[in-house]
4 protein chains.
Amino acid sequence: VSATCAAHNLTESEFHALREQATAAKSRAYCPYSGFRVGAVLLTRNGEYIPGANVENASYPVTTCAERVAFGRAVVDGHRDFKAVAVATDSNQGPASPCGMCRQCIREFCELKTPIIMFDKKSNFTVMRLEELLPLSFGPSALGVPEPSKS
Amino acid sequence: VSATCAAHNLTESEFHALREQATAAKSRAYCPYSGFRVGAVLLTRNGEYIPGANVENASYPVTTCAERVAFGRAVVDGHRDFKAVAVATDSNQGPASPCGMCRQCIREFCELKTPIIMFDKKSNFTVMRLEELLPLSFGPSALGVPEPSKS
Amino acid sequence: VSATCAAHNLTESEFHALREQATAAKSRAYCPYSGFRVGAVLLTRNGEYIPGANVENASYPVTTCAERVAFGRAVVDGHRDFKAVAVATDSNQGPASPCGMCRQCIREFCELKTPIIMFDKKSNFTVMRLEELLPLSFGPSALGVPEPSKS
Amino acid sequence: VSATCAAHNLTESEFHALREQATAAKSRAYCPYSGFRVGAVLLTRNGEYIPGANVENASYPVTTCAERVAFGRAVVDGHRDFKAVAVATDSNQGPASPCGMCRQCIREFCELKTPIIMFDKKSNFTVMRLEELLPLSFGPSALGVPEPSKS
Ligand SMILES: [Zn+2]
Ligand SMILES: [Zn+2]
Ligand SMILES: [Zn+2]
Ligand SMILES: [Zn+2]
């Protein structure tokens with residue numbers, strides 16, 4: 001944990017809060033179709049924690065993943081500056097990662113070096129930077145739009 | 001307004017709050033691609049107003065509409081009981097309606113008679129019940145899952 | 001069947017072909033997550049039948065429904081002029097309808113009076129026009145784009 | 001080109017066909033909203049080329065990207081065994097990559113070592129394996145479903 005915090009400019013208390021809040025968010029999931037609970041939390045540059053959980057739908061493609069629920073809430077609340085993203089699942093096979101669609105959502109709002117911390121059921125964790133999870137990505141600037149995370 | 005309120009079991013003060021909050025939410029939109037701002041607000045059975053706005057993405061299909069941002073937030077906050085949905089846009093051609101994808105999202109969490117109030121730029125409005133906007137719909141029970149709105 | 005055909009400008013042989021091809025398409029579904037097979041077929045103005053089936057994904061929102069698979073194929077093959085849409089499922093509770101997201105996809109490419117024919121497991125059917133399934137819809141013209149179905 | 005072909009078990013004629021067909025598919029895009037044309041083509045193990053192009057929608061999240069249009073078509077036609085994926089755009093800033101959502105779609109059906117070849121407007125190209133574009137991915141087996149690409 002301390003090496004992770006040092007590498008990603010987080011305090012240990014931020015790391016623990018990310019773990020606890022992502023795990024707590026997991027219990028808010030609406031996932032009667034998959035039965036697979038996912039919790040997410042965003043840490044903003046000014047120290048707020050914004051939660052999300054997966055919200056499924058009888059029409060599967062209408063589902064919104066935990067990460068995108070959290071970004072929806074954060075963006076509507078005016079946040080554009082994120083320090084870390086954490087995700088927690090009930091996986092027993094090691095931490096589960098954000099799906100590709102969510103990596104693209106994170107790309108829209110976060111800098112490439114943003115750490116994404118993934119927790120499994122036992123709080124084992126893996127950390128990857130956005131640029132590692134979504135290499136060679138494209139975002140707003142590819143379409144001539146300013147990058148929110150650079151503003 | 002008073003006829004609308006009577007037909008849908010809303011007070012006039014709830015109606016005005018829905019209009020104001022949907023309009024306010026619109027200003028929170030992140031829509032650099034379409035330039036089309038949408039605000040949404042959900043009124044819960046216990047009197048809370050939950051806002052949403054569209055959150056677009058350089059990969060267009062990764063966009064989350066205002067209504068789904070609001071439902072994501074509400075569901076994660078534990079709400080399962082909604083009294084009304086309101087949507088506001090800058091349309092000058094009369095009120096714009098929720099897209100089909102959002103109607104399906106509303107279907108997951110609301111009763112069929114739920115009113116959906118749509119405001120245009122000048123606060124002209126149209127009201128339709130969910131069952132009018134998405135007739136012959138399917139939801140959780142079609143897949144053997146309990147309907148959240150019936151619990 | 002004959003009344004349906006008369007009402008929607010279809011021949012009985014077109015109706016039977018729609019039923020057979022939608023049912024056949026159902027067997028092409030990739031749906032290991034929901035186990036709910038859906039087949040779709042589009043009849044173009046020049047007499048071609050374009051099939052689709054649901055293609056699911058471990059990340060549920062990355063799923064593409066049968067109808068959208070069919071429109072993807074049709075549009076890429078240059079079709080812009082559709083006479084009817086048919087959908088077949090294994091539902092035993094009467095015919096299942098397209099989800100809201102697919103109704104919005106149909107809206108992009110079809111005229112409002114286009115018939116959408118829904119078959120259940122025993123080939124019982126229901127027919128609704130697009131404007132009945134997605135009333136008060138918005139499409140390309142709302143964003144200043146020409147309607148493909150009017151060209 | 002020859003080094004790329006050797007590294008990824010492609011013949012030069014396959015490589016050229018991928019480039020030509022991805023470029024040709026681009027001209028089939030329906031993209032009146034973004035104006036950004038994308039073509040894709042899948043090479044199956046038995047030598048067929050399956051095209052796709054982006055099919056946009058007035059409701060942006062209802063858009064299907066070129067890669068997912070191609071996989072929809074291929075899967076419905078019974079293909080489960082892919083040798084390569086190619087994508088072509090009009091980008092002048094070097095080749096554009098598949099969005100995260102499409103990387104997740106590719107993950108469902110392709111082996112991790114599958115090459116994804118990206119062409120820009122001038123046919124400059126970049127190649128990355130799926131496991132490089134979507135590291136630490138999850139797919140069917142995470143949910144207890146057999147991997148189509150291993151069958
Ligand atoms: Zn996701
Ligand atoms: Zn919508
Ligand atoms: Zn659908
Ligand atoms: Zn894509």
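A salt bridge is a side-chain nitrogen of Lys or Arg within 4 Å of a carboxyl oxygen of Asp or Glu. I wanted that in my notebook before anything else, as I kept coming back to it. I also noted that this is a predicted model.

**Entry 1: a salt bridge in chain B**

I started with B:Arg45, which forms a salt bridge with B:Asp81. Their closest N and O atoms are 3.6 Å apart, and the pair counts because that is within the 4 Å of the rule. Where do the two residues sit? I found B:Arg45 in the loop between strand E1 (38-44) and E2 of chain B, and B:Asp81 in the loop between H3 and E3 of chain B. The pair links distant parts of the chain, 36 residues apart.

Then I looked up accessibility. B:Arg45 has a relative accessible area of 42%, so I put it down as partly exposed. B:Asp81 comes to 32%, so this residue is partly exposed too.

**Entry 2: salt bridges in chain C**

Next I turned to C:Lys83, which pairs with C:Glu14 in a salt bridge, with the closest N and O atoms 3.0 Å apart. C:Lys83 lies in strand E3 (residues 82-89) of chain C and C:Glu14 in helix H2 (residues 12-26) of chain C, so this bridge ties together parts 69 residues apart in sequence. Are these two buried or exposed? I found both C:Lys83 and C:Glu14 buried.

I looked up another bridge in this chain, where the side chains of C:Asp90 and C:Arg37 meet at 2.9 Å, N to O. C:Asp90 is in the loop between E3 and helix H4 (100-109) of chain C, while C:Arg37 is in the loop between H2 and strand E1 (38-44) of chain C, so parts 53 residues apart in sequence are tied together. C:Arg37 has a relative accessible area of 30%, which means it is partly exposed.

**Entry 3: the zinc ion (ligand 2)**

Which protein atoms are the donors here? I wrote down the SG atoms of B:Cys65, B:Cys99 and B:Cys102, at 2.3 to 2.4 Å from the zinc ion. The spacing of these donor residues in sequence is C-x33-C-x2-C. B:Cys65 is in the loop between strand E2 (49-53) and helix H3 (66-76) of chain B, and B:Cys99 is in the loop between strand E3 (82-89) and helix H4 (100-109) of chain B. That pair is 34 residues apart and links distant parts of the chain. I checked their accessibility as well: B:Cys65 and B:Cys99 are both buried.

**Entry 4: where chain A meets chain D**

I found 22 residues of chain A in contact with 22 residues of chain D. Between them the two chains bury about 1,500 Å², with 67% of it on carbon and sulfur atoms. How many salt bridges are there between chain A and chain D? The count is zero. Eight residue pairs are in polar contact across this interface, though.

Helix H4 (100-109), strand E5 (125-129) and helix H5 (130-133) of chain A each give two or more residues to the side that touches chain D. H4(A) has the largest share, with four residues. I sorted the residues on this side of chain A into 13 nonpolar, seven polar and two charged.

**Entry 5: C:Phe125**

My last stop was C:Phe125, in strand E5 (residues 125-129) of chain C. Its relative accessible area is 28%, so I noted it as partly exposed. C:Val1 is 124 residues from C:Phe125 in sequence, and their C-alpha atoms are 9.2 Å apart.

Technical notes
Residues numbered from 1 in each chain as written. Chains lettered and ligands numbered in written order. Predicted model: local features only at pLDDT ≥ 70, side-chain atom pairs only at ≥ 80, totals over all residues. Heavy atoms only, no water. Contact = heavy atoms within 4.5 Å. Buried area = accessible area lost by both parts, 1.4 Å probe. Polar contact = N/O pair within 3.5 Å; in protein donor to acceptor, adjacent residues only side chain to side chain. Nonpolar A, V, L, I, M, F, W, Y, C, P; charged D, E, K, R; others polar. Donors = N, O, S within 2.8 Å, 3.2 Å for Na, K, Ca; no water. Buried < 20%, exposed > 50% of the residue type's maximum accessible area, 1.4 Å probe, protein only.
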